[in-house]
Amino acid sequence: MLTATILPRVFLFKKEGEDISLPDPFAKWSPEKVLDYYAGTYPELTTAKVAGYEIEEDKFVYRLESTIGTKG
């Protein structure tokens with residue numbers, strides 16, 4: 001029998017060369033709204049964007065990438 005499950009979301013960004021893992025504050029929020037939520041705690045996320053997601057170890061892992069120091 002097949003069972004459908006909802007995978008939890010985790011948000012990752014690099015800070016000083018290390019991956020910082022942020023839990024999903026509210027499952028119904030869009031990834032962009034979660035990014036705005038965490039920007040109050042992590043100022044480097046104010047200029048970041050959601051770069052996409054991958055499924056890793058039964059979780060949706062969203063990558064948040066800062067746009068500071070990039071051209072275009």
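Colleague: In what order do the strands of the open sheet stand?

Modeller: This is a predicted model. Its open sheet has 4 strands, in the order β2-β1-β4-β3. The pairing is mixed.

Colleague: Which strands stand at the edges?

Modeller: β2 (18-23) and β3 (48-56) do. Each has a single partner strand, so one side of each lacks a neighbour in the sheet. Neighbouring strands are also turned against each other, by 30° on average, with direction ignored.

Colleague: How do I read the pairing of β1 and β4?

Modeller: General idea: strands of a sheet pair through backbone hydrogen bonds, either parallel or antiparallel. Here, β1 (residues 9-15) and β4 (residues 59-66) pair in the parallel sense, over 4 bridges. Take two positions. Arginine 9 has phenylalanine 60 in β4 as its bridge partner. Valine 10 stands opposite valine 61 in β4.

Colleague: What packs on the sheet?

Modeller: Helix α1 (residues 31-39) does. The helix touches β1, β2, β3 and β4. Its direction makes about 120° with that of β3.

Colleague: Do β3 and β4 run parallel or antiparallel, and how many bridges join them?

Modeller: β3 and β4 run antiparallel, joined by 8 bridges.

Colleague: Which residue takes a positive phi in the hairpin of β3 and β4?

Modeller: Glutamate 57, with a phi near 50°. That hairpin has 2 residues between the strands.

Colleague: And side chains along a strand: what is the general idea?

Modeller: In a regular strand they alternate between the two faces of the sheet.

Terms used: Residues numbered from 1 in each chain as written. Predicted model: local features only at pLDDT ≥ 70, side-chain atom pairs only at ≥ 80, totals over all residues. Heavy atoms only, no water. Pairing = 2+ DSSP bridges. Axes fitted to C-alpha atoms, helices over the stretch in contact; angles between N-to-C directions. Contact = heavy atoms within 4.5 Å.
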